[in-house]
Amino acid sequence: MKDGYLIDTPAPGKYLSADSTASLPASKFYLPDDLPPSLELSAEVIEAHGRAMHSLGRLDGFWSKVDDPETAFGLFVYKEAEQSSQVEGTQVTVSDMLQRGSDSKDVREARNYATALRDATETLINQGRSRQQLSLALLQSLHESLMETGRTDDEDPRPGEFRDRYVWIEEEQQRGYGTAVRFAPPKPEIAVSKMDNFEEYMQHGGYPTLVDIGLLHYQLETVHPFVDGNGRVGRLLIVLMLIADDILVHPLFYLSSYIRRNRDEYTDRLLAVNEEGEWNAWLEFFLIGIREQADEAFTRAKLLLQLREGYRQEYSDAAPSVQALIEALFTEPIFTVSRAAELIDMSYQAANKAVDRLEADGVVEELTGQERYRQFQANEVLGVLNRSQAEIPAPGELIAE
């Protein structure tokens, strides 16, 4: 956080003195300007925007060619939930969310994220794809779905409510000498008042959609209207805006992976907008992320589809229970025999035989080592989701096949 109050800089806001009685470990907080800023988009931003739109168009076009995209690619909401959770410093994986049993708070909140994304997408589709469907009430509902009530007032993120106290963002000091305040968002009453302008711009915009999304993401992170969970709500809103503006049909996209890989640059770019007015640098960074993640989602979707088609061919002469279970692996790749029976709508005995067949063929693996309450995992399905970005081919390689 810079010294001074940014009075003589091109920053889209300024620092104001904090109340002397405030429980804030800083003497000032940031007051952002309303949206939209007056921008002259650089050539680099315009080029990045075009590339991002191209990649999103290819992704959406691929989705539209699949007969049952929600069945084939339903696991992608868990991938976004995993990556969003890991941005917050957890180690939650897709497998953690799918396994049944005792859960940690991190796993529950990651699972909540997947549910919130799925439910909000369904609401948008049913009520009509329009920015008018995006509101402060929706953001508060998402927050309520995401967060769990804390055990004490200090720990309580107040699910679904805007904050009523100061918050601040800390960073490790150089050479490991404790922490320092990196950024102090506006005091609570100002933060709440800023959200009216946020809603107005969210619904009406002013720049191309992807630029609007980048501006809104910056503003939400800067205003920080919730005690906790602002980043998760902001990352959910990215996907919902793509759907509301008909750029994507379904949530086959997860920007959180890019943010996690580039966490330091992400926070630096946001702060540079606050203090230097570096809008173009932030927007270029953001749009590059949109393109990279659209390409990655396309590749993983293509690999999942190829894997499913290979299974279908391999088991084309197998019993109906086996064929049905093959399809179910792409919906729930971790399951018990009882759950398999529910998924394929057959008897326990039929499901058990199908599981035994796929286990013998190495398609699924038993995880517990127990005779009872066995749990199985489809390693190849999860492998497509879990491979690092560096381990998957570029979209062009798959298109050429």
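This is a predicted model: local features need pLDDT of at least 70, side-chain atom pairs count only at pLDDT 80 or more; totals for chains, interfaces and linings use all residues.
# Salt bridges and overall build

User: How many salt bridges does the structure hold?

Analyst: The structure holds 28 salt bridges. Each is a side-chain nitrogen of Lys or Arg within 4 Å of a carboxyl oxygen of Asp or Glu.

User: Start with K79. Which side chain does it meet in a salt bridge?

Analyst: That of E82, at 3.0 Å, N to O. K79 and E82 are three residues apart in helix α3 (residues 76-87), so about one helical turn separates them. Helices are DSSP runs of H or I, at least four residues; strands are runs of E, at least two; both are numbered from the N terminus.

User: Are K79 and E82 buried or exposed?

Analyst: Both are buried. Buried means under 20% relative accessible area, exposed over 50%, and partly exposed in between, with a 1.4 Å probe and protein chains only.

User: What about R261?

Analyst: The side chain of R261 forms a salt bridge with that of E296, 3.6 Å from N to O. R261 sits in helix α10 (residues 256-261) and E296 in helix α12 (residues 279-314), so the pair ties together parts 35 residues apart in sequence. R261 is partly exposed, at 29% relative accessible area. E296 is buried, at 3%.

User: Which side chain does E327 pair with?

Analyst: E327 meets R312 in a salt bridge, 2.7 Å from N to O. E327 is in helix α13 (residues 320-328) and R312 in helix α12, so this pair ties together parts 15 residues apart in sequence. E327 is partly exposed at 21% relative accessibility. R312 is partly exposed too, at 33%.

User: Which residues form a network of salt bridges?

Analyst: K105, E109, D228 and R232 are linked in one.

User: Switching topic. How many helices and strands in the chain?

Analyst: 17 helices and seven strands. The radius of gyration, taken over C-alpha atoms, is 23 Å, close to the 21 Å that the globule rule gives for 401 residues, so the chain is as compact as a globular protein of that length. That rule is 2.2 Å times the number of residues to the power 0.38. Along its principal axes the C-alpha trace spans about 75 × 50 × 45 Å.

User: What share of the residues is buried?

Analyst: 52% of the 401 residues.

User: And the charges?

Analyst: There are 39 positive and 68 negative side chains, and the centres of the two sets lie 2 Å apart. Lys and Arg count as positive, Asp and Glu as negative; His and the chain ends are not counted. Each charge is placed at NZ of Lys, CZ of Arg, CG of Asp or CD of Glu.

User: Which residues does Q375 touch?

Analyst: Leaving out residues up to four places away in sequence, Q375 touches Q99, R100, I334, F335, E365, E366, L367 and T368. Contact means heavy atoms within 4.5 Å.

Key
Residues are numbered from 1 along each chain as its sequence is written. Side-chain values use heavy atoms; hydrogens and water are left out.
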